[in-house]
Amino acid sequence: MRRIAPALIATIALALTATAAAQRQTIKVSTDSVAVYVTVTDADKRLVPDLVLDDFEILDNGKPVNINVFENKPVPITTVVMIDTSGSITAELGFVKEGAEQFLLRLLPEDKAQVGEFSDKIKFHPGEFIDNRDRLIYLLRNELDFGYPTRLWDAVDESIERLLPVAGRKVVLVFTDGEDTASKIGLGKVMDKAREKDVMVYAVGLQVTYFNGQQRVRTSPDRGLKRLAEDTGGGYFELKRSADLGETFTRVANELHSQYVLGFSPETPDGRVHKLEVRVKKGGMNARARKSYLAAAPGTK
């Protein structure tokens with residue numbers, strides 16, 4: 001489980017405001033560039049806001065590439081906030097809603113979102129992406145319904161599908177307390193689609209104890225969530241206390257608005273999956289970004 005330092009909120013606020021205009025380097029993106037969104041933290045897991053282009057290195061299949069895109073200011077996001085409402089989460093759903101509300105409150109004016117829910121059914125509220133935070137919070141508080149089986153991978157897949165027509169940054173933020181039990185699609189296909197369509201996945205997992213009609217059971221979030229989040233460059237947070245939900249959803253919002261945008265043009269657009277690695281040249285820094293991308297062949301975009 002990832003612990004969040006008590007001083008984190010003040011540090012995040014500084015990260016969002018302290019980068020001076022003189023430090024903000026911008027290189028124009030070309031249509032052939034591969035976008036790489038990077039979260040950088042120090043040894044204490046604090047966000048690092050003031051790096052410059054020369055601090056980064058990108059390796060494509062182990063080979064350094066020329067970085068032709070660089071931004072270190074917030075980039076608008078379009079996101080689906082997908083909430084598990086299956087039976088095991090019933091007693092904790094109020095805390096989950098309160099936590100997710102902290103994420104919605106921190107959306108920036110140009111961000112857009114939908115609230116989704118999944119159990120044996122998958123629903124989205126409203127039917128399109130909107131930038132009205134008050135409306136989104138109302139839907140979160142009042143429209144979510146309970147079900148029983150957990151269609152986790154189907155829910156993430158449908159969330160990605162809804163993001164396909166959207167231009168710019170696309171993010172799925174999914175919360176669950178357990179394993180997938182009823183999906184028609186598997187983790188592998190979801191990972192492939194997220195990679196191909198450049199969708200970042202953040203995941204928040206919560207361990208809960210509930211009565212299943214015969215005995216008390218302790219849930220454990222699906223292990224595939226960590227793999228999916230890491231491969232797409234998002235974050236994975238596994239919690240044991242519902243009291244940590246608000247701070248964690250806040251962390252996700254602040255990370256998304258503090259990421260660096262890097263980009264490069266593939267030297268070998270061969271239609272294959274390439275491994276990606278982002279490095280920070282300064283010592284004591286950790287860079288988190290997607291670990292692969294599809295090097296689309298010419299004429300296939």
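Which residues of helix 6 (residues 224–232) are buried? In this predicted model, they are G224, L225, L228, A229, D231 and T232. Seen down the axis of helix 6, these buried residues fall within an arc of 165 degrees, so they line one face of the helix. The cover over them includes helix 4, strand 8, helix 5 (187–197), strand 9, strand 12 and strand 16 (292–294). Directly after helix 6, G233 adopts a positive phi of about 90 degrees.

The protein as a whole has 301 residues, of which 52% are buried. Its secondary structure comprises seven helices and 16 strands. Among contacts with a separation of 6 or more, 80% link residues 24 or more positions apart.

An open sheet of six strands runs in the order 7-6-5-8-9-12, with mixed pairing. Its edges are strand 7 (122–130) and strand 12 (236–239), each of which pairs on one side only. Neighbouring strands in this sheet are turned by 10 degrees against each other on average, direction ignored. Strand 9 (residues 200–206) and strand 12 run parallel and are joined by four bridges. Opposite L206 stands L239 of strand 12.

Helix 3 (residues 133–142) packs on this sheet. It touches strand 5 (77–84), strand 6 (112–118) and strand 7. The direction of helix 3 makes about 170 degrees with that of strand 7. Helix 4 (residues 152–163) lies across strand 5, strand 6, strand 7 and strand 8 (169–176). Helix 4 runs at about 20 degrees to strand 7.

The peptide bond from H125 to P126 is cis, with omega near -10 degrees. P126 belongs to strand 7.

The largest nonpolar core has 35 residues. Within it, I83, F103, L104 and F175 touch the most other members. At least two residues of this core come from each of strand 5, helix 2 (93–105), strand 6, helix 3, strand 8, strand 9, strand 12 and helix 7 (245–256). Beyond residues up to four places away in sequence, L104 touches V81, V115, R133, L136, I137 and L140. A second, separate core contains 26 residues, including M82, L152, V174 and Y236.

Another open sheet has four strands in the order 3-2-14-16, and its pairing is antiparallel. Strand 3 (63–64) and strand 16 are the edge strands, each pairing on one side only. Three bridges connect strand 14 (residues 273–280) with strand 16, and the two run antiparallel. H274 has Y293 in strand 16 as its bridge partner.

The loop between strand 2 (56–60) and strand 3 contains N61. N61 is not a glycine, yet its phi is positive, near 50 degrees. This residue is partly exposed, with a relative accessible area of 46%.

Strand 4 (residues 67–71) pairs elsewhere. Four bridges join strand 4 to strand 13 (residues 260–264), and these strands run antiparallel. I67 has F264 of strand 13 as its bridge partner. Five of the five residues of strand 4 are buried, so this strand is largely enclosed by the rest of the structure.

The loop between helix 5 and strand 9 holds both D198 and V199. Is V199 buried or exposed? V199 counts as buried because its relative accessibility is 2%, under the 20% cut-off. Leaving aside neighbours within four places in sequence, V199 contacts I160, L163, K170, V172, A194 and T232. T232 is also one of the buried residues of helix 6. D198 is partly exposed, with a relative accessible area of 27%. D198 has a positive phi of about 60 degrees, although it is not a glycine.

Terms used. Residues numbered from 1 in each chain as written. Predicted model: local features only at pLDDT ≥ 70, side-chain atom pairs only at ≥ 80, totals over all residues. Heavy atoms only, no water. Buried < 20%, exposed > 50% of the residue type's maximum accessible area, 1.4 Å probe, protein only. Contact = heavy atoms within 4.5 Å. Pairing = 2+ DSSP bridges. Axes fitted to C-alpha atoms, helices over the stretch in contact; angles between N-to-C directions. Arc of directions from axis to C-beta. Core = buried A, V, L, I, M, F, W, Y, C linked by side-chain atoms within 4.5 Å.
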